[in-house]
Amino acid sequence: MARKAKELLDIPADDFEMVVRIVREEDIAVARQMAKQLAQGLGFSLADVTKVATAVSELARNIYRYAQTGKIMIRKRLEENGGPTIQVVAVDRGPGIEDVDLVLTRGYTTYERSLGIGLSGIRRLMDFFEVVSEVGTGTAVVVEKRRRKF
Ligand SMILES: Nc1ncnc2c1ncn2[C@@H]1O[C@H](COP(=O)(O)OP(=O)(O)OP(=O)(O)O)[C@@H](O)[C@H]1O
Ligand SMILES: [Mg+2]
């Protein structure tokens with residue numbers, strides 16, 4: 001787990017088509033918009049474009065709230081058979097999450113008056129979801145969404 005957190009935190013940004021540094025609150029909307037454009041460009045359905053964009057804005061908001069700064073990296077992968085997949089990697093060198101299973105419980109929050117869908121909601125929206133976190137090192141969340149045939 002510990003090695004994996006560092007590995008993910010060190011993934012070179014050059015390997016991604018889009019990288020948004022999350023520093024200010026406005027950067028959350030920028031990341032959301034970039035994800036939306038990529039998904040639209042790849043022919044994702046409107047519902048799935050919204051899911052990808054929502055996941056990205058939730059991940060960016062978590063970075064902004066809990067780690068202050070970090071980055072959202074987005075890339076596409078072309079599968080041999082089937083449609084393309086969008087992969088989002090959200091990384092920060094913030095405080096980390098002590099008990100990942102606990103925070104994935106629906107409704108768990110350390111934030112007052114939270115209205116978002118949170119990590120458990122993101123997990124339901126996406127095809128692949130992984131949180132790797134280590135206290136004192138940081139947090140990486142990897143999510144993927146595959147284009148459905150329609
Ligand atoms: N990048 C992060 N770094 C450190 N802690 C995090 C990070 N992301 C999430 N957490 C912790 O996990 C908890 C759950 O996050 P989650 O996004 O599911 O809900 P939330 O942010 O509390 O509320 P919301 O529903 O508004 O998203 C947070 O309250 C916080 O304690
Ligand atoms: Mg959240």
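Predicted model: local features only at pLDDT ≥ 70, side-chain atom pairs only at ≥ 80, totals over all residues.
Helix H5 spans residues 118–125, and its buried residues are Gly 118, Leu 119 and Ile 122. Around the helix axis these residues cover an arc of only 135 degrees, so they lie on the same side of H5.

An α-helix has 3.6 residues a turn, so residues three or four places apart point the same way.

## The chain as a whole

The chain contains 5 helices and 5 strands. Read from the N terminus, these elements follow the order α-β-α-α-β-β-α-α-β-β. The radius of gyration of the chain is 15 Å, close to the 15 Å that the globule rule gives for 150 residues; the chain is therefore as compact as a globular protein of that length.

Along the principal axes, the C-alpha atoms occupy a box of roughly 40 × 35 × 30 Å. Of the 150 residues, 32% count as buried. If one takes the contacts between residues at least 6 apart in sequence, 67% of them join residues at least 24 apart.

## The sheet

In what order do the strands of the open sheet lie? The order of the 5 strands is S1-S2-S3-S5-S4, and their pairing is antiparallel. Strand S1 (18–22) and strand S4 (128–134) are the edge strands, each of which pairs on one side only. On average, neighbouring strands of this sheet are turned by 15 degrees against each other, direction ignored.

The sheet can be followed from one strand to the next. Strand S1 is joined to strand S2 (residues 70–78) by 5 bridges, and these two strands run antiparallel. Within this pair, Arg 21 has Lys 71 in S2 as its bridge partner. Strands S2 and S3 are paired in the antiparallel sense over 8 bridges, and Arg 75 has Gln 87 in S3 as its bridge partner. The hairpin of S2 and S3 has 5 residues between the strands, and in this hairpin Gly 82 adopts a positive phi near 105 degrees. Strand S3 also pairs with S5, in the antiparallel sense and over 8 bridges. Here the bridge partner of Val 89 is Val 142, which belongs to S5.

## A helix across the sheet

Which strands does helix H2 lie across? Helix H2 (residues 26–41) lies across S1, S2 and strand S3 (84–92).

## The loop around Val 135

Val 135 is located in the loop that lies between S4 and strand S5 (138–146). Is this residue buried, partly exposed or exposed? With 13 other C-beta atoms within 10 Å, Val 135 is partly exposed, because a residue counts as exposed at 12 or fewer such atoms and as buried at 20 or more.

Once neighbours within four places in sequence are left aside, Val 135 is in contact with Pro 95, Gly 96 and Glu 98.

Note on methods: Residues numbered from 1 in each chain as written. Chains lettered and ligands numbered in written order. Pairing = 2+ DSSP bridges. Helix = DSSP H or I, 4+ residues; strand = E, 2+ residues; numbered from the N terminus. Axes fitted to C-alpha atoms, helices over the stretch in contact; angles between N-to-C directions. Contact = placed C-beta atoms within 7 Å. Rg over C-alpha atoms; globule rule 2.2 N^0.38 Å. Arc of directions from axis to C-beta.
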